[in-house]
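Here's a quick walk through one model, with a ligand site and a couple of helices to look at. Have the viewer open and follow along.

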Amino acid sequence: MERTIYKSQVGQILIDADSIASAISALARQITSTFKQSQDVSVIVLLDGAKRFADDLFGFINDGKFRLEYIDVKSYNGTESAGAVEINGDLPNLEGADVLIIDDIYDSGTTMKHMTETVKSHNPGIVKTCVLLKKQTPRDYADVVDFYAFDIPDCFVVGYGLDYNGQYRQLSYIAELCI
Ligand code: IMP
Ligand code: MG
């Protein structure tokens, strides 16, 4: 099979690994406090990008009531948003369940808006959203993010789970991508 060579390289580091770890532990405290009254929480983790973030975040939360469910969602192609959000596979039964949706980054908001509306159509209890990064992008609608760790400029970033066509997910920091 022929392999495509992408002419890209990692640019300036925007957030280092230590800063990510301390921001995530603060987020973990906020989430624990918000869901204090909940018996069970379905945590919907949007693959692939949010897996590392969610796993590290819940590594700080020693409470079995949070059930992590990984859902394959696609909306980006290279550095361009494809506009439509595609969910591959089924959501778990969310009837009456409290839900936390986790993504890696909030850009135009299309993905989180679509996921929030889809989850709400299943008659859940409370629904909250959490991302690691929030881009300073003009959006067509009001924010649907309840928890986030960092504001970043409107540029394409990679690392700590975020990729460019499958590359650079493994970096332990967040960096700008130069193409
Ligand atoms: P939105 O739907 O425009 O908010 O974009 C969010 C989705 O696009 C995330 O789930 C990511 O998969 C992807 N995405 C957006 N910006 C970036 C980026 O800078 N790097 C890597 N993925 C991104
Ligand atoms: Mg994504």
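Which residues does Thr111 touch, not counting residues up to four places away in sequence? They are Leu46, Val73, Ser75, Val85 and Asp103, where contact means heavy atoms within 4.5 Å.

Before going on, some housekeeping. This is a predicted model, so local features need pLDDT of at least 70 and side-chain atom pairs count only at pLDDT 80 or more, while totals for chains, interfaces and linings use all residues. Residues are numbered from 1 along each chain as its sequence is written, chains are lettered from A and ligands numbered from 1 in the order in which they are written, and side-chain values use heavy atoms, leaving out hydrogens and water.

**Thr111 and its helix**

Thr111 sits in helix α3 (helices are DSSP runs of H or I with at least four residues, strands are runs of E with at least two, numbered from the N terminus). Its relative accessible area is 15%, so Thr111 is buried; buried means under 20%, exposed over 50% and partly exposed in between, with a 1.4 Å probe and protein chains only.

**Around ligand 1**

Thr111 turns up here too: Asp103, Ser108, Gly109, Thr111 and Val157 come nearest among the 17 residues around ligand 1, with near meaning a heavy atom within 4 Å. The shell divides into seven nonpolar, five polar and five charged residues. Its largest share, four residues, comes from β5, and β3 (66-77), β5 (98-106) and α3 (110-120) each supply at least two.

Here are some distances to oxygen atoms of ligand 1:

| Residue | Atom on the protein side | Distance |
|---|---|---|
| Asp107 | polar backbone atom | 2.9 Å |
| Ser108 | polar side-chain atom | 2.5 Å |
| Gly109 | backbone N or O atom | 2.8 Å |

On its own, ligand 1 has 490 Å² of accessible area, and the protein covers 91% of that (Shrake-Rupley method, 1.4 Å probe).

Methods:
Polar contact = N/O pair within 3.5 Å; in protein donor to acceptor, adjacent residues only side chain to side chain. Nonpolar A, V, L, I, M, F, W, Y, C, P; charged D, E, K, R; others polar.
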